[in-house]
Amino acid sequence: MMEVNWTEEVLKRKEEMLSDLTGLLQIESVLDVEDTNEDAPFGYKVREALDYMIKLGERDGYQTKDVQHVAGHLEFGEGEDSIGILCHVDVVPAGSGWTSPPFKPEIREGKLYARGAIDDKGPTIAAYWAMNIVKELCPSLSKRVRMIIGTDEESSWRCVDTYFKKEEMPLMGFAPDAVFPIIYAEKGIADFEWDFPATETERHDLVLQSFTAGERLNMVPDLANAVFVGEEKVLSKVKKEFEEYLTQKQLNGNATLAESLVLEIEGVSVHGSKPEQGNNAAFRLADFLSGVGLDTNGSTYIDFIARWLVDDFYGRKFGVDVEDDITGALTMNAGTFEYKSSDGGKVGINLRYPVSCDFDEVKSTFDKVTGPNDIKMTIIDHMTPHHVPEDHELVKKLQRVYEKQTGEPAELLSIGGGTYARSLDAGVAFGALFEGKPQLAHQKDEYVEIDDLLKAAAIYAEAIYELAK
């Protein structure tokens, strides 16, 4: 085959590519649980975005398929094996405070602003036009090239779960839904909950009525609140001690005493994959309460938090602090706390563990700790780790393409989060955000730099050719 200048080929098609992207960005493809049926399992706007991509494929001569209106694919070429490109067209809600309307794409200073511009509609269209270029210029490939389009990535991945029950697994592939160079390893992620039953207790002069903190398991709680009833002089004493604690620890919070005592404390929220970088408000409040002499149920709940969880982000107190050279250390974020004296309590944990860690061993360790106290542990959700060896053909070829196109070393990255790449048996996350660029996915005024998107499309085109030739 003749030598192709992939960058030149992308630039020739720049206006068509941006036109297709604008059309996709105008669709408010946010999960809508109020507006669902068999024809639109995640809402009509999400279905509209899937239909849009399938229509592009039909326009440009691909074999297309809609899988139960939750996913689809566009394919060209012949061969027993296929190369997969895994994208998604659903987006998170826009929120408020945008400079320009989030579903009316606007270009300012070389940046295209819209919800989904970088996550994941911009990269999806870049990969789509990369496929168009390869399909047009390189008709003789040994493998089929298949773009798989998901519609529930921002929620619970029901799209790919359904898709791969019915359709073939590609030989290998990539997801243009993260950062360059190459994410070749992702930690296992498990959400679980400890339940503390309410039991009959004797009257006490300081009763914990409620304790709440956190809204999501994968975020460090930035506010914690506790309410107490009891003897007035005891409540007054606790209020004074709490105010001294705030001063001593240099924390923001407040205490109000009327019919009950209400204590509030502020922390610092960060993503649950890096809990050590925040300040868990529930930990600060439990740290104070562990010494004040609560009723039996309240003590059981608070003492558990203080003994096993406070400021332990790596599971050391449990003895599950493991790490490896591929994905680093196990991390543990205590993200949600909910206690009522009448109902008992819950603590929700987000655990991210290395690829070499045995999750069953971790679980049995937790069970041993919690078993004797009638405290129950329930697994809410679990994704096993994902890892493609660094000497795998997929990794080596993508490294060569990236280094040739950018002149930069293609370092292999591992993350605590989860990308669509883990839906593939042999899949990595590959762009489209370049190193050093701000991470604006899920934020207001999300944008993609047009030059970067064109650069990514050229990288994707050569990568598709090298993987499928």
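The chain has 11 helices and 24 strands, and what you are looking at is a predicted model. Its C-alpha atoms fill a box of roughly 85 × 45 × 45 Å, taken along the principal axes. Of the 469 residues, 55% are buried. Now take the contacts with a separation of 6 or more: residues 24 or more positions apart account for 75% of them.

**The eight-stranded sheet**

Let's start with an open sheet of eight strands. Reading across, the order is β13-β14-β12-β11-β17-β18-β10-β19, and the pairing is antiparallel. Which strands stand at the edges? They are β13 (253-257) and β19 (376-383); each has a single partner strand, so one side of each is left without a neighbour in the sheet. From one strand to the next, the twist averages 20°.

Zoom in on β12 (residues 223-230) and β14 (residues 261-266): these two run antiparallel and are joined by six bridges. In this pairing, A226 stands opposite L263.

Helix α6 (residues 232-249) packs on it, touching β11 (206-213), β12, β13 and β14, and the direction of α6 makes about 165° with that of β13. Helix α8 (residues 296-309) lies across β10, β11, β17 (331-340) and β18 (344-353), and runs at about 170° to β17.

**The three-stranded sheet**

There is also an open sheet of three strands, in the order β4-β5-β24, again with antiparallel pairing. Here β4 (106-108) and β24 (447-449) are the edge strands: each has a single partner strand, so one side of each lacks a neighbour in the sheet. The twist averages 25° from one strand to the next. Strand β5 (residues 111-113) pairs with β24 over three bridges, and Y113 stands opposite Y447 of β24. Helix α11 (residues 450-468) lies across β4, β5 and β24, at about 65° to β24.

| α6 (residues 232-249) | β13 | about 165° |

**Helix α3**

Helix α3 (residues 44-59) has 16 residues and reaches 22 Å from its first C-alpha to its last, close to the 22 Å expected at 1.5 Å a residue. Its buried residues include V46, R47, Y52 and M53. What do the buried residues of α3 pack against? Their partners are α2 (14-25), β1 (63-67), β2 (71-76), α4 (121-137) and β6 (144-150). After the helix comes G61, with a positive phi near 85°.

**Rings and charges**

Next, the aromatic side chains. A pair of aromatic rings is described by the distance of the centres and the angle of the planes. The count for this model comes to 30 aromatic pairs. One of them is F192 with F366, a tilted pair with 5.1 Å centre to centre and 40° between the planes. This pair links distant parts of the chain: F192 belongs to strand β10 (residues 188-196) and F366 to helix α9 (residues 359-370), 174 residues apart. Are F192 and F366 buried or exposed? Both are buried. They also belong to a cluster linked by ring pairs, with W194, Y301, W308 and Y339 among the other members.

The charged end of K135 sits over the ring of Y62, 4.9 Å from the ring centre. Likewise, K455 lies over the face of F434, at 4.4 Å from the ring centre.

Terms used
Residues numbered from 1 in each chain as written. Predicted model: local features only at pLDDT ≥ 70, side-chain atom pairs only at ≥ 80, totals over all residues. Heavy atoms only, no water. Phe/Tyr/Trp six-rings, centres within 6.5 Å; stacked < 30°, edge-to-face > 60°. Helix = DSSP H or I, 4+ residues; strand = E, 2+ residues; numbered from the N terminus. Buried < 20%, exposed > 50% of the residue type's maximum accessible area, 1.4 Å probe, protein only. Lys NZ or Arg CZ within 6 Å of the ring centre and 35° of its normal. Expected span 1.5 Å × (residues − 1). Contact = heavy atoms within 4.5 Å. Pairing = 2+ DSSP bridges. Axes fitted to C-alpha atoms, helices over the stretch in contact; angles between N-to-C directions.
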